[in-house]
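Student: I have a new model open and would like to learn how to read it. Could you walk me through it, feature by feature?

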Amino acid sequence: MRIAAWNVCGLATSQKKGFKFYVEAEDPDILVLSETKVNNETVDPTLKERFPYSYWSIAEKKSYSGTAILSKHKALSVTRTLPGHPDPNYTKGRIVTLEFENTYVVGTYVPNAGTGLKTLNEKNLWNEHFTTYIRDLDKEKPVIWTGDLNVAPTAIDLANPKTNWNKTPGYTEAETTAFKNILTPPSDSPSSAPSESPSSPKFIDVWRHLHPTDQHYTYFSYRFRCREKNLGWRLDMFVLSERLLERVKMCEIRDEIYGASDHCPVVMEIEGAL
């Protein structure tokens with residue numbers, strides 16, 4: 001089973017710049033899109049032929065945000081909200097969850113902390129509710145979480161960590177700690193109660209697990225010739241319930257793909273049915 005995820009930075013624009021060539025070459029079973037910026041569910045005959053089932057989440061604000069999961073396999077159920085979050089409009093267009101027989105697939109376009117970190121509080125609120133949500137899902141079935149997660153988890157996940165630390169969205173103590181606490185719940189969290197310890201469920205950042213020291217990136221700003229200089233960030237990833245790890249066959253960043261977005265696709269192959 002091949003799953004690909006790509007922040008397309010505007011689907012309509014990406015389609016004019018070679019989007020279809022990547023999709024044809026990769027031929028994923030499931031394609032998770034983020035930052036689609038569409039205002040309606042896209043009716044593209046070639047996409048529909050390849051992916052009979054499409055699940056779109058569209059933002060309230062026109063031409064903003066947007067996520068979608070295109071699939072060759074029909075989901076048992078679909079959820080487009082972040083349960084518990086006090087502002088449903090804020091989360092619209094940022095999350096799609098598909099339930100399959102054996103797993104949940106969650107596609108996200110996680111909020112950005114904003115220029116000058118002006119929306120970091122909103123990002124923290126998202127992280128708080130998303131952490132609860134993904135752990136609740138994991139209690140029912142293992143989870144595959146992917147998309148643009150808008151965080152560089154560690155110093156080797158961006159080109160200039162020292163100059164960006166606690167100054168640039170995606171690489172602040174609040175954001176990296178929230179991500180770390182999803183992977184491994186802190187000892188004082190409810191999910192790490194003594195009755196569950198030491199087997200509290202963990203999540204795995206799959207690409208980093210398979211490439212522990214590599215410095216490859218999924219996002220390059222269009223400014224300052226960042227792609228040419230390899231000044232990037234690793235913001236797009238696959239995070240899995242730990243018990244799925246043994247089924248993973250590969251996980252790669254398609255960094256040879258460029259032109260259709262300021263992000264690179266990421267792809268994972270997993271053995272067995274979803």
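This is a predicted model: local features need pLDDT of at least 70, side-chain atom pairs count only at pLDDT 80 or more; totals for chains, interfaces and linings use all residues.

**Reading the sheet and its helices**

Student: In which sense does β5 pair with β6?

Tutor: Antiparallel: β5 and strand β6 (residues 95–99) are linked over 3 bridges. As an example to find on screen, S77 has E99 of β6 as its bridge partner.

Student: And what joins β6 to β7?

Tutor: A hairpin, through 4 residues. These two strands pair in the antiparallel sense over 5 bridges, and E99 turns up again here, standing opposite Y104 in β7. On to the next pair: β7 and β8 run in the parallel sense, with 6 bridges between them. One of the residues to look at is G107, whose bridge partner in β8 is T146.

Student: How many residues of β7 are buried?

Tutor: Of its 6 residues, 6 are buried, so we apply the cut-off of under 20% relative accessible area here. Both faces are covered: one side carries Y104, V106 and T108, the other V105, G107 and Y109, and all are buried.

Student: How should I describe two packed helices?

Tutor: The general idea is to give the angle between their axes and the distance between those axes. In this model, helix α5 (residues 120–140) and helix α7 (residues 173–183) pack at an angle of about 0 degrees, with axes 10 Å apart. That angle is why α5 is called roughly parallel to α7.

Student: Which residues make that contact?

Tutor: From α5 come L120, K123, N124, N127, F130, T131, I134 and R135; from α7 come A174, E175, A178, N181, I182 and L183.

Student: Let me try a single residue. Is S34 buried or exposed?

Tutor: S34 counts as buried, because its relative accessibility is 1%. S34 is found in strand β2 (residues 30–34). Leaving aside neighbours within four places in sequence, S34 is in contact with W6, N7, V8, C9, G66, T67, T108, Y109 and D148.

Student: Now let's zoom out. How many helices and strands are in the protein chain?

Tutor: The protein chain has 9 helices and 12 strands. Its radius of gyration is 18 Å, close to the 19 Å that the globule rule gives for 274 residues, so the chain is as compact as a globular protein of that length. Along the principal axes, the C-alpha atoms fill a box of roughly 55 × 45 × 35 Å.

Student: What percentage of the residues is buried?

Tutor: Buried residues are 53% of the 274 in the protein chain. As for contacts with a separation of 6 or more, 69% of them involve residues 24 or more positions apart.

How values were computed. Residues are numbered from 1 along each chain as its sequence is written. Side-chain values use heavy atoms; hydrogens and water are left out. Axes are lines fitted to C-alpha atoms, for helices over the stretch in contact, and angles run from 0 to 180 degrees between N-to-C directions. Angles under 35 degrees count as roughly parallel, over 145 as roughly antiparallel, 65 to 115 as roughly perpendicular and the rest as oblique. Contact means heavy atoms within 4.5 Å. Two strands pair if DSSP finds at least two bridges between them. The radius of gyration is taken over C-alpha atoms; the globule rule is 2.2 Å times the number of residues to the power 0.38. Buried means under 20% relative accessible area, exposed over 50%, partly exposed in between (1.4 Å probe, protein chains only).
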